[in-house]
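Please open the structure in a viewer and keep the selection panel at hand.

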Amino acid sequence: MSSSHPPILASWLAAVLETPGLTALRDPDEARRVLLDDSLKGLESVRGLAGPIVDVGSGGGAPGIPLAASLPEREVTLLEANGRKCEFLRRWITELPNLRVVHGRAEEQEPERYGVAVAKALAHPPTAAEWCLPLVGEGGAVVLWVGPTAEPGPVAAAAGKLNAELAESPPGFFVLRKLGPTPPGFPRRPGMAKKRPLA
Ligand SMILES: C[S@@+](CC[C@H](N)C(=O)[O-])C[C@H]1O[C@@H](n2cnc3c(N)ncnc32)[C@H](O)[C@@H]1O
């Protein structure tokens, strides 16, 4: 573990590996690369975007916990649909006072509460965009961790239907800018974004 990382991240990573049901990864080096190093690749993009942050489908806490530890002045909410994963996530609130945990689905949250929504390995980019964009207000942004070969066309088309656009993005990321309020009809009811993707 690099000494430049906040020390709590080593304890968190070890706990993710030890706790059944949080990750299929078993090799500690691979887990550090996927859960910690990859999470922090988005740090500078998120730092430059204003407002409270929500990590949608946080799972064991990536990227939300590395972001919360690195940006202690920012409120970071971990939004997770699975109750057992939320129990694990709540263990870190004492050490990271800027952290909140919300148990629920993205489609059922208060709209436009956040400035930035982030998601890593949540769903195909158009579905992830549809879940994340209603959570941020006008002028806000969504940062999606995607593979290096992800196609920009479908996510740009989905963003357009949600009053947003695909902005210039670092490799491995799609940054979406919310240009206006969430259009009527969104969020669609749970399940629809996956069953009938916008693009
Ligand atoms: C593959 S895991 C990824 C976890 C973590 N982001 C990571 O990169 O390790 C996806 C997580 O998203 C959660 N999830 C799926 N759909 C969701 C929704 N609509 N709202 C909130 N959480 C959701 C699942 O319960 C699961 O924990």
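**First stop: the ligand and its surroundings**

Select the ligand together with the 17 residues around it; among these, G57, A62, E80, K85 and K120 come nearest. Please bear in mind throughout that the model is predicted.

Which class of residue does the shell contain, and how many of each? The shell around the ligand consists of 7 nonpolar, 5 polar and 5 charged residues. As for the space that the ligand takes, it is the largest pocket.

- Select G57: one of its backbone N or O atoms lies 2.9 Å from a nitrogen atom of the ligand.
- Select K120: here too a backbone N or O atom is involved, at 2.8 Å from a nitrogen atom of the ligand.
- Select R105: in this residue an N or O atom of the side chain is 3.2 Å from a ligand nitrogen atom.

How much of the ligand does the protein cover? On its own the ligand has 600 Å² of accessible area, and the protein covers 79% of this.

**Second stop: an aromatic pair**

The model has 2 aromatic pairs. To view one of them, select W145 and F173, whose ring centres are 4.9 Å apart. Their planes stand at 65°, and planes over 60 degrees apart count as edge-to-face, so this pair is edge-to-face. Now colour the strands: W145 belongs to β5 (residues 136-145) and F173 to β7 (residues 173-178), so the pair ties together parts that are 28 residues apart in sequence.

Most peptide bonds are trans, and most residues other than glycine have a negative phi. The following selections depart from that pattern.

Select A62 and P63, which are joined by a cis peptide bond with omega of about 5°. P63 is placed in the loop between β1 (53-56) and α4 (64-70).

The loop between β7 and α8 (192-195) holds P187.

Finally, select E112. Is its phi positive or negative? The value is positive, near 55°, in a residue other than glycine. E112 is found in the loop between β3 (99-103) and β4 (114-120).

Note on methods: Residues numbered from 1 in each chain as written. Predicted model: local features only at pLDDT ≥ 70, side-chain atom pairs only at ≥ 80, totals over all residues. Heavy atoms only, no water. Near = heavy atom within 4 Å. Polar contact = N/O pair within 3.5 Å; in protein donor to acceptor, adjacent residues only side chain to side chain. Areas by Shrake-Rupley, 256 points an atom, 1.4 Å probe, with all protein chains shown as cover. 1 Å grid on protein atoms, 1.4 Å probe; cavity = no way out; pocket = protein on both sides within 12 Å on 5 of 7 lines; lining within 4 Å. Sits in = over half its atoms within 2 Å of the grid points. Nonpolar A, V, L, I, M, F, W, Y, C, P; charged D, E, K, R; others polar. Phe/Tyr/Trp six-rings, centres within 6.5 Å; stacked < 30°, edge-to-face > 60°. Helix = DSSP H or I, 4+ residues; strand = E, 2+ residues; numbered from the N terminus.
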